[in-house]
Amino acid sequence: MKRRIPLAIVFIFGVLGAIPFLIPHRIIQNADNEFRSSILRIIVAFSLVLGVGSIIRHHFQKIRRKKENWQYSYITLIALVISAIIGLFGGIDARGMLPTQFTVPFTEYVFRFDIQTLYTNIMVPLAATMFSLLAFFMTSAAYRAFRARNVEATILLLSAFVVMLAAVPLVSSFFPKLSAFSEWILTVPNTAAKRGLLFGIALGSMATSLKIILGIERGWLGGTS
Amino acid sequence: MITSILIVFTQLEIFRKISWKKNRFMKTTFLLIFLTGLSFAISPPTDVRAWDSPNDAGGSINIAWRISPDDPMLDGYEISRLAEGAADYEPIGFIGKTRNSYTDEETRDGVKYQYRVAAVKDTIMVYSEPSNYVQSSSQWFNTDRINVLVFATLFIFLILWFTSRAKKGMSLFIRKIAGLDAVEEAVGRATEMGRPILYIPGLSTMADVATIAGLNILGEVAKKTAQYDTKIIVPNRDPIVYTVAREVVKESYTQVGRPDAFNPDSVFFVTDSQFAFAAAVDGIMTREKPATNFFMGYFWAESLIIAETGASTGAIQIAGSDAVMQLPFFITACDYTLIGEELYAASAYLSREPLLLGALKGQDYGKAVIIGVLLAATLLALIANLPVLRLF
């Protein structure tokens, strides 16, 4: 029974999920939209509670067992509580019950700490910092990848060299044919390889979905039995 | 058209009645205005047709027309409609010159509409003849997708056929996949070094097939870690994936008879913020120094950040993704990479379950059909363009 119910749910919703693709009728499309926009949102909201529970449990365990760098767990938990309070009672843009802005005494400067301000001034710069690390990681990865160890690696190196060189305006203005060659590399062999991969991915994805809907693949349930 | 001719005749009659002797100035002005009007005369679009948009949920009507012969000098075309029972036409849209079709997406199903199109030049608007009456409706089947239905049916048949053959004990060959053969070795290495294994089931949601494939592989990896008593760490970005991943690991430990060895704290939710998650994973890698890192699922720009950090810690790294843009990064930074569909095959490969292997075989035949169709179509296109055929 523990397995049959989830398998039955997956079968029913798997088949129902495929129907709107073939039937454009308003009744079917509205039912599908209703399911996706309302019911799934409710499920996600419940799962978020589980996620927050996991964070709290994980960091409490860390503090209790005094694991390495356990002090940082306090920061996580405090940040979680503060942002939850501001988010729940302060509103998104300082229009909630909780006062999330005040004028600094003797100045006209308004200090805001509503969720939108916190997001714009903390989350966005932090994410941008992590993202900008990519430039350095790309350099180190390129250094490893572009070593002419065998024929394939040499072809990769030469192709990369041509594409990078053609991207330099000065070089492409002197050698217009290089730009055309670079364009050819990107649009012909590169696209051909990509499309080959996409065919495999589309079929694999379809086969996996089918295996799950029919209950052949049960790994996501924790096992095959 | 008849209206325009009548107007011209009326104007000519007025011109004739103005006496040249009595009102020379007025007659000259009238003549000038008449000639200027003639020089700006524009022809309306013709042959306006309207029909219900096919294969949709209703509420939409297509309109097409033959463009005006004066199209190059126009500003564009104004489309107006007359609903059944309404007093007059209402304008519904304007599109530029050279265009000859428009879709009215604000119709009420069951109500009849008639359309007309005006050629517009500055303030001059010349209307076409009205179109036929038409009403929009919902369709019960999308005929554009018959080809998808046919191929999907064939594909399902192939998979079910090979699954049933596998059930009867047919031996099925599966080629070696280096990345999956290395799983055993990677888990063994972590056990010998006394270090944990880090497993990331991608950053996408459960709606993504790659995530489900990643969780299927997690089940097999967790069985091995349970057998070897190796620590496994599974950080998650999505709360639903976290819940499923936790159950998968727990179930795997139970299946190999080690439910007591399952640590509930080993599978946890981190954050749903993409780069915050990447930062957390980087932190785990540098603090815990896992001997093996698995990246199985769908990844975005953070793929290189986590894979390069993992490489710098000296861990064996096995990645698998169907994110085509991220595959080059994984191939560069990881020891083994499951490319595209290999990720979906991993579960069958690792478990050697006959039913799963049968489905895999069906998938291969499906691919063979596609290759066959592509080759045949290419050949036909080449033959159709042979110079010798132009002789006939």
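Helices (H or I, at least four residues) and strands (E, at least two) are DSSP runs, numbered from the N terminus.

## About this model

This is a predicted model, where local features need pLDDT of at least 70, side-chain atom pairs count only at pLDDT 80 or more, and totals for chains, interfaces and linings use all residues. Residues are numbered from 1 along each chain as its sequence is written, chains are lettered from A and ligands numbered from 1 in the order in which they are written, and side-chain values use heavy atoms, leaving out hydrogens and water.

## A glutamine in a loop

Let's start with Q139(B), found in the loop between strand 7 (124-127) and helix 3 (146-167) of chain B. Is Q139(B) buried or exposed? Q139(B) is buried (under 20% relative accessible area, with exposed over 50% and partly exposed in between, using a 1.4 Å probe and protein chains only), because its relative accessible area is 17%.

A polar atom of the Q139(B) side chain lies 3.1 Å from the backbone nitrogen of N55(B). For the backbone nitrogen of D56(B), the distance to a polar atom of that side chain is 3.0 Å.

## The nonpolar cores

A nonpolar core is a set of buried Ala, Val, Leu, Ile, Met, Phe, Trp, Tyr and Cys residues joined through side-chain atoms within 4.5 Å. The largest one has 59 residues, and Y199(B) and F294(B) are among those with the most contacts inside it. Helix 5 (residues 209-228) of chain B gives the most to this core: ten residues. A second, separate core has 26 residues, including A141(A) and L203(B).

Key
A polar contact is a pair of N or O atoms within 3.5 Å; within protein, one must be able to donate a hydrogen and the other to accept it, and residues adjacent in sequence count only if both atoms are side-chain atoms.
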